[in-house]
Amino acid sequence: MRTSIALFTRDLRINDNPMLYAAAVGADRVVPLFVLDPGLPAPPNRAAFLHRCLADLDAALQDLGGALIIRRGDPVTAVSRLIAENDVSDVHVSADVSGYAQRRQERLEEIPGVAVHVHDTVTTAAAPGEITPTGGGDHFAVFTPYLRRWQAAARRTPLPPPPRITTPEADSAEPRDVAQGDGLRAPELADGGERAGRALLAEWAANAVTGYAEGRDDLAGDRTSRLSPHLHFGTLSPVEVLHRAGGGSQGAWEFGRQLAWRDFHHQMLAARPATARQDYRPRGDDWRDAPEELAAWREGRTGYPIVDAGMRQLLREGWMHNRARMITASFLTKTLYVDWREGARHFQWHLVDADVANNQLNWQWVAGTGADTRPNRVLNPLRQAMRYDPAGDYVRRYVPELRGIPGAAVHEPWRLPSCERRALDYPDPVADLAEGRQRFLSARNG
Ligand SMILES: Cc1cc2nc3c(=O)[nH]c(=O)nc-3n(C[C@H](O)[C@H](O)[C@H](O)COP(=O)(O)OP(=O)(O)OC[C@H]3O[C@@H](n4cnc5c(N)ncnc54)[C@H](O)[C@@H]3O)c2cc1C
C-alpha cells in the first residue's frame, strides 16, 4: 500500500491544490499534514486567521474521507517521524520563496528513502524562475517588462478537489492548540478559511471586479477585493482567482496586474532571499533614530489625519487599504526618514496578509531601495488625502476624534480656529512638511 504525505504550508485549501491532488491520486493513503513551527513568531491576527483556516481545512478533508493531522515542532522532523510511523514513500510540498521555505525544502529533499515532489504554481500564478529576462539573469528587477511576459505566459487549468482521501490513524493536535497568538487580535479581523475565501471570491468575480480600475484607489469606497489574506494563507489559489476574475473588462485587466505584482515580488525574493532584511538596491541611506515619531506613527497619532486613519485601520482590522499602505510607508521612510525595516516589522506583526515577499519588497519599493524606477518619489500626505479621500469619509471612519469636522477640512485640522482646535483630542503634526525634513516633534520637544 502506497502512502504519501501532503505537507500543507501556504496552501490551506482542497480546491485547485496541485500539491494535494498529486498526493491523493498517486497513493492509496494520504497524510494531510500541517506543522506549526514554534520557532516562528505568532502575531495574534495571523494566528486567529490560521486557526480558522486549519479548522476549515480539516472539515473539508473529512468530507473527502480523510482528516488533517496537525503537529507542532520543526516541520522536517515532524515529516521524518510520520514517514517512519506510516511507511511513507512520497512527500508532496508546494514551492515557496522565503529563505525559511527554501531551507525547509532543501532539508526535506535530504530525507533518505522518500521521493520529495515540489509543486509550482500553488502559491503563485507563475513559478518564480519561470519568467526570466531574455538578456540573462535569474529574475526581473523591473516590473513592466516582467508584466508583459507574465501576461503572455500559459496558465494551467484550475483543478477540482481530489475525489477521495484515506488517511491512516495518526496523532493530531487541535487547531486551537497550535494557532495561538501572542497578544490580542484586531477587533474587526476578517474570517479565515477556504469557505470564507471562496464566498468572497464568488461575490468579487460576479459583482465587483469590473469596477476595480476606477475604484481601487478610492479609500472610502473600499473597492478592492480584500482577497489578500486568502492569497497569503493559500485558502484561495492565485491561478483560480485569475481564472475566475476573467479577462473581459478593464477592471479584470487591472486586477490581474496586481496579481502580477504579487508574483513579481515572489520571484525577486526567491532569487534574493536576503532582501527580507537587506536593501535590494542600497542607496547609502542614513536613517534617523526617531523613537517618538515612530511611536506616534505606530499608534496613528502623527497629526496627519490620512496617515493616522491608515494606521488605525491596521490596528482595528489587521488589514490596510493599499493606497493607505503607500501613504503611511512613504510618510515613515520619506518624510520622517525612519528605516523601512521598522515599518515593515510593525506591518508584519499586525497585517493578517503579511508575507515576506509582498511586505518587505513593497516597503523597499516605497523607501526607494527596491524595484521602483523612481526611487526619490515622495507621497505628500495632504495631496494624497485630497485626491484619494476627497470627502474625508475614510478619515472620519477611522479617526473618531475628527468625526465632527465636515468634508475635506478633516484633512487639515490645524486650519481650524484655535478654540475648536484645542477642543479636539488630536495631536499637532509630528513633522512640518513645509519645512522639509528638518522640523520634527522630537526637535521641537528637545
Ligand atoms: C508598504 C506596503 C506593504 C505591503 N504589505 C503587503 C503584505 O504583507 N502582503 C500582501 O499581500 N500585500 C502587501 N502589500 C500590497 C497591497 O497593499 C495588498 O496586497 C493589498 O492592499 C491587499 O488588498 P486587496 O486584496 O483588496 O488587494 P487588491 O487591490 O484587490 O489586489 C488583488 C491582489 O493582488 C495582490 N496585490 C495587490 N497589490 C499588490 C502589491 N503592491 N504588491 C504585491 N501584491 C499586490 C494581492 O495579493 C491582492 O490581494 C503591501 C503594500 C505596501 C505599499
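**A tour of the ligand site**

Select the ligand first, together with the 28 residues that surround it, the closest of which are Tyr 212, Thr 224, Ser 225, Arg 226 and Asn 322; a residue belongs to this shell if one of its heavy atoms lies within 4 Å of the ligand. The model is a predicted one, in which local features need pLDDT of at least 70 and side-chain atom pairs count only at pLDDT 80 or more, while totals for chains, interfaces and linings use all residues. Residues are numbered from 1 along each chain as its sequence is written, and side-chain values use heavy atoms, with hydrogens and water left out.

On Asn 362, a polar side-chain atom lies 3.0 Å from a nitrogen atom of the ligand. Of the 820 Å² of accessible area that the ligand has on its own, the protein covers 97%, as computed by the Shrake-Rupley method with a 1.4 Å probe.

Then colour the helices, which are DSSP runs of H or I with at least four residues. α9 (228-233), α11 (250-271), α14 (322-335) and α16 (356-367) each supply at least two residues of the shell, and α11 gives the most, with six residues.

Finally, select domain 2 (124-157 + 194-271) and domain 3 (291-445): both give residues to the shell, so the ligand lies between them, with bounds from an automatic or database domain assignment.

Notes
A polar contact is a pair of N or O atoms within 3.5 Å; within protein, one must be able to donate a hydrogen and the other to accept it, and residues adjacent in sequence count only if both atoms are side-chain atoms.
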